[in-house]
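This report is a guided reading for a student who is new to looking at protein models. Please keep the sequence and the 3D view open while reading, and find each residue as it is named.

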Amino acid sequence: MNQKITLEWVLNGKTLFTETDPFVNVQVLLKQMGILSVRDSDNHTGFAGSDTILLDGKPVNAGLMIAAQLDGHDVVTAEFLAKGNQMDPVQAALVDAGAVQSGYNAPASALVLTDLLNRCSNPTEEEIRDAFSSLYFRDNGYIPLFKAVELAIKYRENDTEDLAIAPEFRDDLRDVGKPRRKIDGSKLVMGRRAFVEDRVDPNPLYMKVLRSRFAHAYIKSIDTSMAESLPGVHSIITHENCPDVYYGSAGQGFPEPSPYDKRMFSQKIRHAGDRVAAVVAESEQIALDALALIHVEYEALPPVFTVDEAKAEGAPVVQNGTIEYVVGAPDDLEEQNKTADPRDGKIIYQFPIGADPRKNIAASVSGGIGDMDKGFRDAEVIIEREYETTQIQCTPLEPHTVYTKMEGDRLVIHASTQVPWHLRRIVARVLGIKENRIQVIKERTGGAYGSKQDILLEELAAWVTWTSGQSVFYQHTREEEFIACSTRFPMKMGVKLGARKDGTLTAVHMTVDANSGPFGNHCLTVPMNACSKSLPLFLCDNFHFDVTTYYTNIPPTGAYQGYGAPKGSYALQMAIAELAEELKMDPLALIEKNRVREGAMLEILKCLGEGREGIAAPVESCGLDGALKEGAEMIEWDKKEISDDPDVKIGKGVVIIQQGSGLPGLDHSNADVKLMTDGTLIVHTGGTDLGTGLDTLCVKIAAEVLCTPMDDIAIVAADTDNTSFDTGAYASSGTYFSGGAVYKAAGVLKDKILQAASEMLKEPVEDLSLEFPSFVKGKKGQVSFEDISRDSLTGEGRGQLIGFASYTTDDSAFPYGAHFAQVAVNTRTGEIKVQKYYALQDCGTPINPELALGQIYGGVVKSIGHTLYEEMVFDEKGRCLNPDLRRYGVPLIGDIPEDLEARLVYTDDPFGPFGGKSISEISVNGAAPVIANAVHDATGIWIRKWPITPEKILRELGKIK
């Protein structure tokens with residue numbers, strides 16, 4: 001045991017004498033002392049910067065230090081910057097600039113900015129880039145940090161005049177369309193309790209999971225006796241003692257268009273990193289020590305990793321369990337089950353999704369409109385191309401985290417999740433209990449991007465707590481994030497286009513072969529999205545698509561921001577550019593000739609429902625007219641750029657993109673707005689804010705409808721006990737559905753307030769109006785919300801005034817975008833440099849403009865990383881070789897384009913709240929095709945598989961083999 005030492009040091013202005021193990025990690029020590037702002041995103045490797053502190057005034061990584069190094073030194077954390085509940089100028093600037101989104105790195109960014117301004121009173125762009133080079137942001141794309149520096153300088157000087165934080169929209173509205181401080185920004189940047197790890201009570205049990213080194217195997221035997229005898233071990237879970245329940249991890253609407261093909265622990269191992277056993281112990285170290293004492297004997301099986309291997313004749317079967325259908329079983333089901341192996345368990349389908357597990361087919365679907373044969377007969381030019389994408393990780397800063405405990409006889413789950421209601425339902429199924437015995441509290445989410453739409457660890461902790469009564473904390477390591485969490489589906493896509501010589505499209509055929517990995521979560525919907533978010537961008541009489549998803553033994557796939565759309569966009573937008581070359585047309589002109597326009601009817605959507613028949617939808621608003629024109633002017637589309645370096649060739653690209661605003665006909669949100677006794681308001685919404693600003697949006701909407709100051713509105717969100725059902729934060733549903741429910745609920749309360757005021761003022765409702773701030777005005781007088789509330793809550797009153805609304809719709813609101821890029825390609829080295837990137841996005845009315853811009857920048861920078869270098873790399877046994885942020889490679893501030901600009905294109909959508917449409921997902925759809933097309937414009941080569949690496953450039957140029 002290490003000898004204790006006594007440190008003499010200063011923490012946040014206070015001299016301390018701390019007795020401690022000299023080798024304890026400083027980040028761990030600070031956490032034990034109640035310092036929450038210093039977080040661990042990367043298992044103390046110092047890459048992400050979430051563990052930043054100021055040591056003697058300089059930023060350092062606490063996770064790279066041991067306690068002994070603190071002796072005699074001064075430490076400052078983000079907690080010291082704030083004065084009580086007031087942010088200091090630097091923290092306020094970060095929030096106001098839209099730089100605080102998920103917020104996991106927000107305290108660190110405040111320390112870095114403080115140090116920068118202490119050293120440089122007016123830093124240059126180069127100095128800003130250098131200062132923030134120590135931090136990794138997945139959510140804001142770094143650009144808001146430059147605005148934060150500008151604001152911080154002004155705030156420090158008490159200069160708040162002429163502040164242009166972001167463009168403003170809708171002069172007829174007070175808060176909607178205007179920059180307003182993010183309502184949870186202060187607690188995030190000040191490092192207050194916000195995340196799951198901050199809610200853990202003293203002395204929980206800790207969980208660690210033993211994971212397979214094999215990609216495909218059966219467990220022949222497992223001996224846990226030595227591990228169980230280790231002092232401090234509470235329990236060990238394996239396939240021999242876990243619930244015999246099959247479920248799907250996809251947090252989708254019920255009944256799910258995904259199979260139930262997963263058991264908490266299975267005798268069949270299906271990927272390297274699959275669960276083998278879980279240890280629950282009194283400390284993390286004891287749990288880790290116990291893992292090493294578990295002995296497992298495997299029967300190795302041949303794995304399949306690619307779609308081609310999975311579809312080959314005689315390929316090993318990944319899911320060879322007994323197949324069951326709730327409805328719609330095929331006639332040959334008994335024949336299919338003759339070859340089932342009981343060690344594989346079961347696969348349960350809620351309804352048919354075109355699956356054939358014996359051929360490794362997890363799902364399949366085909367459809368289209370028009371007459372394809374005629375379309376290609378009418379074509380004067382036909383091209384057919386194939387495109388491919390690889391496996392990439394979501395890399396949220398906050399790893400997947402859960403804390404479970406008992407409150408009386410009920411299970412409470414503190415979760416970092418996108419889908420609290422789906423989480424509750426799935427956990428209830430696994431535990432075999434009623435949903436009303438479970439409360440899910442969605443804490444602040446330190447990045448999700450789709451990966452937290454899946455239930456990946458919560459059911460494990462919940463099972464232990466429910467059966468033992470003891471609280472459990474479990475957080476993934478960064479390696480587990482790579483080998484055991486949702487990743488983006490690798491896909492192969494074929495595109496066949498027919499066109500007349502004038503560029504008019506006559507036929508479009510898309511095929512998608514998707515690699516689902518070992519489980520079928522999202523296996524139908526993600527690949528379908530590759531079609532449904534790309535094909536409707538063009539107007540053509542003849543469309544057809546064929547989608548097939550295969551089981552393999554790669555690490556799990558699932559939801560990731562864009563949800564299939566980035567892959568479909570990559571294929572179709574590149575194919576359009578290749579068609580333009582065949583036709584000798586300008587690609588922008590070809591897009592203009594065939595693109596979607598306001599007033600168009602999207603008939604192809606009839607074939608693209610999620611597990612059900614879709615609905616043709618009209619395009620009621622479309623900002624592509626303005627976006628294409630403005631973007632072309634910004635990038636000087638008609639001007640050919642020439643480099644001074646003869647080895648460097650410069651090219652430009654353009655693409656159009658779209659997404660949806662939730663899933664009309666499937667998604668469902670609820671909200672209520674309550675009038676309090678003093679005339680203030682509380683919004684209860686099931687909507688799940690992932691850092692996107694949804695809570696702020698909901699408060700803005702309620703404030704606008706009810707003519708109330710935002711400061712007079714509190715919000716309670718995403719707590720399954722205290723708010724009403726919401727489908728969840730996925731499919732770009734937040735603004736449209738969750739915001740729509742609040743808009744409708746506020747309208748109901750408005751009517752009740754007017755009716756109450758009518759009775760009090762003895763004036764007809766039609767003569768009354770709501771006025772700011774928070775009163776009703778009539779022809780004869782006025783009455784405040786406080787007076788109305790108190791009158792309603794007397795013994796003879798009408799009761800508390802509450803507006804409740806449930807929001808569903810079949811109406812669609814499509815966001816659109818035009819992305820332009822200019823790249824410089826070094827034909828000697830293969831290096832690609834993105835010189836300019838312009839993202840022009842139509843999200844209807846931008847309700848939170850500064851946060852919307854941050855969402856665009858985050859999506860663009862994220863997808864530039866996907867396009868140029870992000871890729872999970874595996875050995876021949878299916879083991880990931882780069883399961884950490886440094887080796888995997890994610891964009892840092894030094895990687896952003898020299899000139900990166902996002903612009904919001906206003907359109908007036910008739911369906912969304914105050915005309916709002918979605919913004920968060922769409923921006924990831926453009927980078928891959930626009931950069932690939934710009935590379936072609938520069939060099940004449942087509943790179944049809946991402947990432948677009950220097951090696952691929954040189955190979956296509958014929959300079960290497």
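Gly-799 is a partly exposed residue, with a relative accessible area of 26%. This glycine sits in the loop between α21 (785–792) and β34 (802–807). From Gly-799 to Ser-789 the sequence separation is 10 residues, while the C-alpha atoms of the two are 8.6 Å apart in space. It should be kept in mind throughout that the model is predicted.

## Salt bridges

Side chains of opposite charge can pair when their charged atoms come close. In this model the count of salt bridges comes to 56, and three of these pairs are set out in the table below.

| Salt bridge | N to O distance |
|---|---|
| Arg-39 and Asp-198 | 2.9 Å |
| Arg-424 and Glu-435 | 3.4 Å |
| Asp-689 and Arg-444 | 4.0 Å |

Arg-39 counts as buried at 2% relative accessibility, and Asp-198 counts as buried at 4%.

In the salt bridge between Arg-424 and Glu-435, whose N to O distance is 3.4 Å, the partners are 11 residues apart, with Arg-424 in helix α12 (residues 420–431) and Glu-435 in the loop between α12 and β20 (438–442). Arg-424 counts as buried, at 14% relative accessibility, whereas Glu-435 is partly exposed, with a relative accessible area of 32%.

For the salt bridge between Asp-689 and Arg-444, at 4.0 Å from N to O, the pair links distant parts of the chain that are 245 residues apart, since Asp-689 is in the loop between β29 (681–685) and α19 (694–706) and Arg-444 is in the loop between β20 and α13 (458–468). Both Asp-689 and Arg-444 are buried. These two residues also belong to a network of salt bridges, in which they are linked with Lys-182, Asp-184 and Asp-695.

## A charged patch on the surface

Glu-598, Glu-620, Asp-810 and Asp-811 form a negative surface patch. Glu-598 is placed in the loop between α17 (587–594) and β25 (601–602), and this glutamate is exposed, with a relative accessible area of 54%.

## Cysteines without a disulfide

A disulfide is a covalent bond between the sulfur atoms of two cysteines. How many disulfides does the structure hold? The number is zero. Cys-540 shows the reasoning for one residue: the closest cysteine sulfur, in Cys-607, is 13 Å from the sulfur of Cys-540, which is too far for a bond, because a disulfide needs a pair of cysteine sulfur atoms within 2.5 Å. Cys-540 is buried, with a relative accessible area of 12%, and Cys-120 is likewise buried, with a relative accessible area of 14%.

## Backbone details

A cis peptide bond joins Phe-254 to Pro-255, with omega at about -5 degrees, and Pro-255 belongs to the loop between β9 (246–247) and β10 (262–263). Another cis peptide bond joins Phe-772 to Pro-773, where omega is about 0 degrees, and Pro-773 is found in the loop between β31 (769–771) and β32 (775–777).

Tyr-142, although it is not a glycine, has a positive phi of about 75 degrees. Is Tyr-142 buried or exposed? Tyr-142 is buried, with a relative accessible area of 0%, and this tyrosine lies in the loop between α4 (125–131) and α5 (143–156). Arg-170, which is also a residue other than glycine, has a positive phi near 65 degrees, and Arg-170 is found in the loop between α5 and α6 (185–189).

Key:
Residues numbered from 1 in each chain as written. Predicted model: local features only at pLDDT ≥ 70, side-chain atom pairs only at ≥ 80, totals over all residues. Heavy atoms only, no water. Patch = residues over 30% accessible without salt bridge, like charges linked within 9 Å, V, L, I, M, F, W, Y side chains within 5 Å. Areas by Shrake-Rupley, 256 points an atom, 1.4 Å probe, with all protein chains shown as cover. Salt bridge = Lys/Arg side-chain N within 4 Å of Asp/Glu carboxyl O. Lys, Arg positive; Asp, Glu negative; His and termini not counted. Charge placed at Lys NZ, Arg CZ, Asp CG, Glu CD. Helix = DSSP H or I, 4+ residues; strand = E, 2+ residues; numbered from the N terminus. Buried < 20%, exposed > 50% of the residue type's maximum accessible area, 1.4 Å probe, protein only.
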